[in-house]
Amino acid sequence: QWLRGKTEEEKSEGKKQAFAAVEVLEGALRECSKGGGFFGGDSVGLVDVALGGVLSWMKVTEVLSGDKIFDAAKTPLLAAWVERFSGLDAAMAALPDVGRLLEFAKAREAAAAASN
């Protein structure tokens, strides 16, 4: 809804919901990490992998929307987690390139606009 809503009201509501979910994630990281750097504590766990798997798309969303999703001022634990997770060798090898995803998203957006 945030980027694809048909009206400004739908987009605004989608953005509001997305940022509410990010705040929930911040709280979950605080509770689950038990002071460690990942949702699983000191080591990467299932939640880290699941959330980490969409980081590239979240970065694309940041570029397209102009909004910072994991803002260090609002969600400091998640912002640090993003840097930590993104720096893992396995993540760097597996995550899609943000630039290529951005090109794809823009092409898809242009095609959708042309068909309307």
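Colleague: In this predicted model, how far apart are the mean positions of the positive and negative charges of the protein chain?

Modeller: The mean positions of the 14 positive and 17 negative charges of the protein chain lie 3 Å apart, in a chain whose C-alpha atoms fill a box of roughly 50 × 30 × 20 Å along the principal axes.

Colleague: What makes up the secondary structure of the protein chain?

Modeller: The protein chain has six helices and zero strands, and along the sequence the pattern reads α-α-α-α-α-α. A UniProt entry, which is unreviewed, places the feature "domain: GST C-terminal" at residues 1–114, and over that stretch the chain is 68% helix and 0% strand, with its end C-alpha atoms 20 Å apart.

Colleague: Why does threonine 61 count as buried?

Modeller: The relative accessibility of threonine 61 is 18%, and buried means under 20%, so threonine 61 counts as buried. Across the protein chain, 32% of the 116 residues count as buried.

Colleague: Where is threonine 61 placed, and which residues does threonine 61 touch, not counting those up to four places away in sequence?

Modeller: Threonine 61 sits in helix H3, which covers residues 55–65, and with residues up to four places away left out, threonine 61 touches Trp2, Leu3, Gly66 and Ile69.

Colleague: What share of the contacts between residues at least 6 apart in sequence joins residues at least 24 apart?

Modeller: In the protein chain that share is 61%.

Technical notes
Residues are numbered from 1 along each chain as its sequence is written. This is a predicted model: local features need pLDDT of at least 70, side-chain atom pairs count only at pLDDT 80 or more; totals for chains, interfaces and linings use all residues. Side-chain values use heavy atoms; hydrogens and water are left out. Helices (H or I, at least four residues) and strands (E, at least two) are DSSP runs, numbered from the N terminus. Buried means under 20% relative accessible area, exposed over 50%, partly exposed in between (1.4 Å probe, protein chains only). Contact means heavy atoms within 4.5 Å. Lys and Arg count as positive and Asp and Glu as negative; His and the chain ends are not counted. The place of a charge is taken as NZ of Lys, CZ of Arg, CG of Asp or CD of Glu. UniProt positions are given in the numbering used here, feature names are shortened, and annotations may be inferred rather than shown by experiment.
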